[in-house]
Amino acid sequence: MRELCDVYWGKAPEEDPFAEVRDRIEMAVVRPPSSMAGRLRRKLRRLSRGWDDARDLFLDERIDVLFPITPCERPGVPLVFWAPDFQQKLHPEWFADELRRQFDEHQARNVAAASRVVVSSEWALPQLGEFFPAARAKGRVLRFCSVPTAGWWALDPA
(Lines give C-alpha, C1' and ligand atoms only; values in the text may rest on other atoms or scores of the structure.)
Protein backbone atom coordinates (compact mmCIF):
# COMPACT_ATOMS: atom_id res chain seq x y z
CA MET A 1 0.00 0.00 0.00
CA ARG A 2 1.05 3.60 -0.45
CA GLU A 3 2.37 5.53 2.50
CA LEU A 4 0.53 8.76 1.70
CA CYS A 5 -1.59 9.57 -1.31
CA ASP A 6 -3.91 12.36 -2.41
CA VAL A 7 -7.07 10.58 -3.68
CA TYR A 8 -9.61 11.84 -6.21
CA TRP A 9 -12.74 10.15 -7.45
CA GLY A 10 -13.33 10.08 -11.20
CA LYS A 11 -10.85 12.71 -12.35
CA ALA A 12 -7.98 14.84 -11.13
CA PRO A 13 -8.71 18.46 -10.27
CA GLU A 14 -8.01 21.05 -12.95
CA GLU A 15 -5.81 22.98 -10.54
CA ASP A 16 -3.66 20.85 -8.25
CA PRO A 17 -4.34 21.98 -4.65
CA PHE A 18 -1.13 20.30 -3.52
CA ALA A 19 1.16 21.43 -6.34
CA GLU A 20 3.74 22.87 -3.96
CA VAL A 21 4.25 19.49 -2.27
CA ARG A 22 3.36 17.17 -5.14
CA ASP A 23 6.90 15.79 -5.18
CA ARG A 24 6.20 14.42 -1.67
CA ILE A 25 2.61 13.26 -2.07
CA GLU A 26 1.44 10.93 -4.81
CA MET A 27 -1.88 11.52 -6.52
CA ALA A 28 -4.32 8.72 -7.27
CA VAL A 29 -7.42 9.02 -9.40
CA VAL A 30 -9.85 6.23 -8.63
CA ARG A 31 -12.46 5.56 -11.29
CA PRO A 32 -14.56 2.70 -12.55
CA PRO A 33 -13.48 1.17 -15.86
CA SER A 34 -14.87 2.92 -18.92
CA SER A 35 -14.81 0.06 -21.41
CA MET A 36 -17.52 -2.59 -21.59
CA ALA A 37 -14.91 -5.35 -21.16
CA GLY A 38 -13.42 -3.61 -18.12
CA ARG A 39 -16.85 -3.17 -16.53
CA LEU A 40 -17.66 -6.83 -17.15
CA ARG A 41 -14.35 -8.00 -15.61
CA ARG A 42 -14.99 -5.77 -12.59
CA LYS A 43 -18.55 -7.06 -12.17
CA LEU A 44 -17.39 -10.70 -12.30
CA ARG A 45 -14.57 -10.04 -9.82
CA ARG A 46 -16.92 -8.27 -7.41
CA LEU A 47 -19.53 -11.03 -7.69
CA SER A 48 -16.94 -13.74 -7.05
CA ARG A 49 -15.72 -11.95 -3.91
CA GLY A 50 -19.12 -10.85 -2.65
CA TRP A 51 -18.28 -7.15 -2.82
CA ASP A 52 -21.00 -4.61 -3.53
CA ASP A 53 -18.93 -1.49 -2.91
CA ALA A 54 -15.94 0.24 -4.51
CA ARG A 55 -13.15 -1.46 -2.53
CA ASP A 56 -11.77 -3.16 -5.63
CA LEU A 57 -11.06 0.21 -7.24
CA PHE A 58 -9.28 1.52 -4.15
CA LEU A 59 -7.29 -1.67 -3.62
CA ASP A 60 -6.26 -1.65 -7.29
CA GLU A 61 -4.74 1.79 -6.60
CA ARG A 62 -3.06 0.43 -3.44
CA ILE A 63 -5.28 2.51 -1.13
CA ASP A 64 -6.32 0.66 2.02
CA VAL A 65 -7.67 3.49 4.21
CA LEU A 66 -9.15 6.93 3.55
CA PHE A 67 -8.62 10.13 5.59
CA PRO A 68 -10.26 12.58 6.32
CA ILE A 69 -13.32 11.99 4.11
CA THR A 70 -14.44 9.45 1.57
CA PRO A 71 -14.46 10.57 -2.07
CA CYS A 72 -17.45 8.36 -2.95
CA GLU A 73 -20.39 6.56 -1.43
CA ARG A 74 -19.55 3.13 -0.02
CA PRO A 75 -15.82 2.96 -0.71
CA GLY A 76 -15.44 -0.42 1.01
CA VAL A 77 -12.14 0.53 2.68
CA PRO A 78 -11.93 1.93 6.21
CA LEU A 79 -12.47 5.63 6.76
CA VAL A 80 -10.68 7.69 9.38
CA PHE A 81 -12.83 10.80 9.77
CA TRP A 82 -11.53 14.09 11.11
CA ALA A 83 -13.93 16.04 13.32
CA PRO A 84 -11.76 19.03 14.28
CA ASP A 85 -14.30 20.30 16.81
CA PHE A 86 -17.99 20.59 17.54
CA GLN A 87 -18.40 24.36 17.49
CA GLN A 88 -21.81 24.20 15.79
CA LYS A 89 -23.08 22.18 18.74
CA LEU A 90 -21.31 24.17 21.45
CA HIS A 91 -22.04 27.60 20.01
CA PRO A 92 -25.04 27.30 17.70
CA GLU A 93 -25.46 31.07 17.81
CA TRP A 94 -22.28 31.41 15.72
CA PHE A 95 -23.86 29.58 12.77
CA ALA A 96 -26.75 30.20 10.45
CA ASP A 97 -29.38 27.47 10.83
CA GLU A 98 -28.67 25.93 7.42
CA LEU A 99 -24.89 25.87 7.95
CA ARG A 100 -25.28 24.34 11.41
CA ARG A 101 -27.57 21.66 9.93
CA GLN A 102 -25.01 20.91 7.20
CA PHE A 103 -22.20 20.54 9.76
CA ASP A 104 -24.38 18.30 11.94
CA GLU A 105 -25.36 16.05 9.02
CA HIS A 106 -21.78 15.88 7.69
CA GLN A 107 -20.40 14.90 11.09
CA ALA A 108 -23.17 12.41 11.89
CA ARG A 109 -22.88 10.65 8.51
CA ASN A 110 -19.09 10.41 8.62
CA VAL A 111 -18.77 9.54 12.31
CA ALA A 112 -21.19 6.65 11.74
CA ALA A 113 -19.27 5.45 8.66
CA ALA A 114 -15.79 5.80 10.15
CA SER A 115 -13.64 3.11 11.68
CA ARG A 116 -11.80 5.82 13.64
CA VAL A 117 -12.64 9.45 14.37
CA VAL A 118 -9.80 11.84 15.04
CA VAL A 119 -10.26 15.09 16.90
CA SER A 120 -7.78 17.93 17.17
CA SER A 121 -7.44 18.12 20.96
CA GLU A 122 -7.86 16.30 24.26
CA TRP A 123 -10.61 18.83 24.95
CA ALA A 124 -12.66 17.64 21.95
CA LEU A 125 -12.32 13.90 22.70
CA PRO A 126 -14.96 13.73 25.46
CA GLN A 127 -17.24 15.89 23.31
CA LEU A 128 -17.14 13.23 20.60
CA GLY A 129 -18.51 10.76 23.15
CA GLU A 130 -21.08 13.26 24.37
CA PHE A 131 -22.44 14.12 20.93
CA PHE A 132 -21.92 10.67 19.37
CA PRO A 133 -22.06 8.10 22.21
CA ALA A 134 -21.84 5.12 19.83
CA ALA A 135 -18.54 6.49 18.49
CA ARG A 136 -16.83 6.99 21.87
CA ALA A 137 -14.44 4.05 21.36
CA LYS A 138 -13.55 5.22 17.83
CA GLY A 139 -12.10 8.52 19.05
CA ARG A 140 -8.40 9.41 18.91
CA VAL A 141 -6.53 12.70 19.28
CA LEU A 142 -4.35 13.74 16.35
CA ARG A 143 -1.97 16.41 17.58
CA PHE A 144 -0.80 18.97 15.09
CA CYS A 145 2.90 19.60 14.79
CA SER A 146 5.17 21.80 12.74
CA VAL A 147 8.11 20.45 10.81
CA PRO A 148 10.50 23.38 10.41
CA THR A 149 12.87 23.55 7.50
CA ALA A 150 16.45 24.82 7.74
CA GLY A 151 15.28 28.13 6.28
CA TRP A 152 13.20 28.85 9.38
CA TRP A 153 16.32 29.02 11.53
CA ALA A 154 18.06 31.42 9.14
CA LEU A 155 15.40 34.10 9.66
CA ASP A 156 15.83 36.98 12.08
CA PRO A 157 13.12 36.53 14.74
CA ALA A 158 12.68 40.30 15.02
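These legends describe the whole chain and several close-up views of a predicted model. Local features need pLDDT of at least 70 and side-chain atom pairs count only at pLDDT 80 or more, while totals for chains, interfaces and linings use all residues. Residues are numbered from 1 along each chain as its sequence is written, and side-chain values use heavy atoms, with hydrogens and water left out.

View 1. Helices (H or I, at least four residues) and strands (E, at least two) are DSSP runs, numbered from the N terminus. From that end, the order is β-β-α-α-β-α-α-β-α-β-α. The radius of gyration is 19 Å, well over the 15 Å that the globule rule gives for 158 residues, so the chain is more spread out than a compact globule. This radius is taken over C-alpha atoms, and the rule is 2.2 Å times the number of residues to the power 0.38. The C-alpha trace spans about 60 × 45 × 30 Å along its principal axes. Accessible surface comes to about 11,000 Å², with 57% belonging to carbon and sulfur atoms. Areas come from the Shrake-Rupley method with a 1.4 Å probe; for residues, only the protein chains shown count as cover. Of the 158 residues, 28% count as buried. Buried means under 20% relative accessible area, exposed over 50%, and partly exposed in between (1.4 Å probe, protein chains only).

**View 2. Phe 67, Trp 82, Leu 142 and Phe 144 form a nonpolar surface patch.** Together they have about 420 Å² of accessible area. Patches are made of residues with over 30% relative accessible area and no salt bridge; like charges are joined within 9 Å, nonpolar side chains (Val, Leu, Ile, Met, Phe, Trp, Tyr) within 5 Å. Phe 67 sits in the loop between α2 (55–60) and β3 (80–82). Its relative accessibility is 44%, so Phe 67 counts as partly exposed.

**View 3. Asn 110 lies in helix α4 (residues 97–113).** Asn 110 counts as buried because its relative accessibility is 6%. It touches Thr 70, Leu 79 and Phe 81, leaving aside residues up to four places away in sequence. Contact means heavy atoms within 4.5 Å.

**View 4. Asp 56 and Arg 42 meet in a salt bridge through their side chains.** The N to O distance is 2.6 Å. The pair links distant parts of the chain: Asp 56 is in helix α2 and Arg 42 in helix α1 (residues 36–49), 14 residues apart. Both Asp 56 and Arg 42 are buried. A salt bridge is a side-chain nitrogen of Lys or Arg within 4 Å of a carboxyl oxygen of Asp or Glu. The whole structure has 13 of them.

**View 5. Arg 101 forms a salt bridge with Glu 98.** Their closest N and O atoms are 2.3 Å apart. The two are 3 residues apart in helix α4, so about one helical turn separates them. Arg 101 is partly exposed at 36% relative accessibility, as is Glu 98 at 41%. Elsewhere, salt bridges that share partners join Arg 42, Arg 45, Arg 46, Asp 56 and Asp 60 into one network.

**View 6. The disulfide count is 0.** A disulfide is a pair of cysteine sulfur atoms within 2.5 Å. Cys 5 is in none; its nearest cysteine sulfur, that of Cys 72, is 14 Å away. Cys 72 counts as buried, with 11% relative accessibility.
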